[in-house]
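Here are my notes for a colleague coming to this structure for the first time. Please read them with the model open beside you.

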Amino acid sequence: MKKRRLFLFTIVLVIAIIFSNYHPTIASSVGKETLTMITSPDYPPYEFYETKGGERQIVGFDIDIANYIKKELGFKLKITQSDFNGLIPALQANRADFVMAGMTPTPQRRENVDFSIIYYEAKDTIVAAKTSNLKKPEDLSGKIVGVQLGTIQEQNAKRISQKVADIQLKRLNKVPEIVQEIKAGRIDAAIVEATVALGYVKANPDLLFNIIPSIENTSGSAIAFPKGSQLVEPFNNVLRKMKNNGELERLSKKWFSATSSTSEALSPNSSTKIADGLNLDFRRIIPDIPYILQGIPLTLLFTLSSVFFGLFWGTALSFFKISGIKPLGWFANVYTSIFRGTPLLLQLSLIYFATPQLTGYNIPALYAGVLTFTLNSGAYMSETIRGGIQAVDKGQFEAAMSMGVTYGMMMWDIILPQALKNILPALVNETIGLLKDSSLVATIGVVEILRSAQIVGANKYIYFEPLLFAGLIYYALVIGLSFAASALERKLRKSD
Amino acid sequence: MNKAIIRTDLLCKSFGKLEVLQDISTEINRGEVVAILGPSGSGKSTFLRCINLLEIPTKGKVYFHDDDITLPKTNIAQIRQRLVMVFQHFNLFPHMTVLQNITYAPIKVKGLDKKQAQIKGLELLEKVGLAEKADVYPAKLSGGQKQRVAIARALAMEPEMILFDEPTSALDPEMVKDVLEVMRSLANTGITMAIVTHEMGFAREVASRIMFLDKGRLAEDASPKDFFVHPQCDRAKQFLEKML
């Protein structure tokens, strides 16, 4: 009896070791228990934000697959997000361990990252206005065709344009924009992945789509990893298992259920006229309002900390400029010319993506945003502050100096308060500018007001309502800021 | 010990090619009230501003109690605490109240306790006849009142010497009297003063010594009596003819 127990125990132990052995290899192969996945959650049904009631959760086909793999391999999963164009740079910057974003393994991408096997074969469609009668690739001759920049659809559209004469491609950043361009008549059609197209056609009855019969190299989705990642094989094993046990089939049904019946159901060529006007219906975003509002604290935090630090940095730079010490003045002038002379968006992308590779510090997006805006607004403010300081009457400097006040105290107590009072309107302008420019940090994945609105738009396949709502919030914030500024100005003017 | 507070030795100052001061050698002794006179452009103000190094001399030396303060190692801020200046345009700090203007430097520079500085500041305001203006901002004061506050601010530093740079030139005539009154009573306390002025009557009555500058040179250095009654050089004679 005892022996048998011991025997059983040993067997269980051996099996446990064999199986558990599997897990440590995953964890130890990359040296961590938590794997970070990065995706671009504006691409339903692959991945998008579930935003009802103010909660924010990335869901979708890819997410379900990632969670299945997570369970199989026994790691903890952290999901982060960025623009589609920022996904591969994020892998290269070691910000994430893998990308799932309905991404197709193109040869160009393979130069920079490794891919898993294809887990979903997608089909491309031609989306166009119902009235347009654009159904086959050949119909696109002489037309303007929209595609999402950096996607496999862009590649496929190029391929079509090589065969069909006279296609003009227009590359846009997001599918919602493409859809709006069709509705506005600026482009005639677009190449969009079938499941995505389905959602948009449902939400915009004036559009229809037709599946493109066969393009060689069908566009399938695969998981992307940094070059040489140890994760490829284990992930492939799980994907194969999912294919075999029907899990992939089940998930694709869950998310793409309507796809199979689309063509017939949705492309009847009824010639309903495209509706005039914007067809606004704000009721559609009411459930998402709490979610959009959540962007406000972040936008404010971001703006105010950038202004705060920018003011200090700008003051320091302006001191360099008036110090009369050549190297300092030279540095400040070159610095200013560079930061004023290059686009803010470029600076933001460089700082966010280059910092991890240069310093090894994986700078969070919000920090990168505040840092960039501080450095940038510091350059602008340094000129404003320099002007403000130089506009203070020379007699003020002399009076302070003639009583033996040191340079630092003189600047802090006597000169800067007067300079700041004079340049306050200019500083308020700068702050308002920063508040609105804060929407740029969306490109590195910070979900502020505008990004929240775009996410809601992408989920609901609508465009104008969330955008207008976001505009209203920005306007209200700017008005609030202006009020606060005039109160401050009144306070400062009490000595007049 | 030499009783000279300030001594200049072949002091020269030029702005570019324009020579404003040429070889001024003189002393200002403890307790003297020196009026510095001369036609406009003669370098009076520049001379005064060279004494506390608001202008850096081009050549020559300035000694403060035998120390050459034109040397680079000089801590000029420390010297200036003992050698304060009153300006033509007052230069009160507009964002501070009258009392804050007066107590700022004593607290920050001399490390005086805030309460003490305020008590002393109010005393000084009393002295210049503006006690009731302690909490007012300078913008609310007339020119004459501003200049009296500026004098109180200078006195609050308890300096060894006060440099007055045309203290009444920017004032309406009816304000001049009040300011001169304050300066006269100040002279009677025995504090050392150097005053650049166009107020001949005041110079004659209050000064213990007249320095007459002409074209950047010290043309005459005499007692008021000698200067006003028997001016030596022609330029001084012409100048007095015009002024009186």
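1. **A lysine in chain B.** Start with B:K13, which sits in strand β1 of chain B, residues 4-15. This is a predicted model, so read each distance below as a computed value. B:K13 is buried but has no salt bridge. The nearest side chain of opposite charge belongs to B:E55, 4.1 Å away. A salt bridge needs the nitrogen and the carboxyl oxygen within 4 Å.

2. B:E55 does have a salt bridge, and the partner is B:R49. Their closest N and O atoms are 3.1 Å apart. Are these two residues buried or exposed? B:E55 counts as buried because its relative accessibility is 16%, under the 20% limit. B:R49 is buried too, with a relative accessible area of 11%.

3. **Across to chain A.** B:R49 also forms a salt bridge with A:E398. Here the closest N and O atoms are 2.5 Å apart. How many salt bridges run between chain A and chain B? The count is 2. Residue pairs in polar contact between the two chains number 9, with both residues at pLDDT 80 or more.

4. **The chain A side of the contact.** Two elements of chain A give two or more residues to the side that touches chain B: α16 (394-402) and α17 (407-437). Of the elements, α16(A) gives the most, with 8 residues. By type, the residues on this side divide into 8 nonpolar, 6 polar and 6 charged.

5. **Extent of the interface.** The contact takes 20 residues from chain A and 25 residues from chain B. The area buried between the two chains is about 1900 Å². Carbon and sulfur atoms give 61% of that area.

6. **Salt bridges overall.** Side chains of opposite charge can pair when their charged atoms come close. Over all chains, the structure holds 37 salt bridges. One of them joins A:E383 and A:K321, with the closest N and O atoms 2.6 Å apart. This pair links distant parts of the chain. A:E383 is in helix α15 (residues 365-391) of chain A, and A:K321 is in helix α12 (residues 295-322). The two residues are 62 residues apart. A:K321 counts as buried because its relative accessibility is 14%. A:E383, at 22%, counts as partly exposed.

7. A:R386 counts as partly exposed, at 26% relative accessibility.

8. **A network, and an arginine without a salt bridge.** A network of salt bridges links A:D42, A:D83, A:K174 and A:R451. Now turn to A:R109, in helix α4 (residues 107-112) of chain A. A:R109 is buried yet has no salt bridge. The nearest side chain of opposite charge, A:E154, is 6.9 Å away. The side chain of A:R109 reaches the backbone oxygen of A:T104 at 2.6 Å. Beyond four places in sequence, the contacts of A:R109 include A:F84, A:I88, A:F115 and A:I152.

9. **A loop residue in chain B.** Last, B:A207. It is found in the loop between α7 (200-206) and β9 (209-214) of chain B. At 10% relative accessibility, B:A207 counts as buried. Not counting residues up to four places away in sequence, B:A207 touches B:V33, B:A35, B:F202 and B:P224. The C-alpha atoms of B:A207 and B:A139 are separated by 32 Å. Along the chain, these two residues are 68 residues apart.

Definitions and conventions
Residues numbered from 1 in each chain as written. Chains lettered and ligands numbered in written order. Predicted model: local features only at pLDDT ≥ 70, side-chain atom pairs only at ≥ 80, totals over all residues. Heavy atoms only, no water. Helix = DSSP H or I, 4+ residues; strand = E, 2+ residues; numbered from the N terminus. Buried < 20%, exposed > 50% of the residue type's maximum accessible area, 1.4 Å probe, protein only. Contact = heavy atoms within 4.5 Å. Buried area = accessible area lost by both parts, 1.4 Å probe. Polar contact = N/O pair within 3.5 Å; in protein donor to acceptor, adjacent residues only side chain to side chain. Nonpolar A, V, L, I, M, F, W, Y, C, P; charged D, E, K, R; others polar. Lys, Arg positive; Asp, Glu negative; His and termini not counted.
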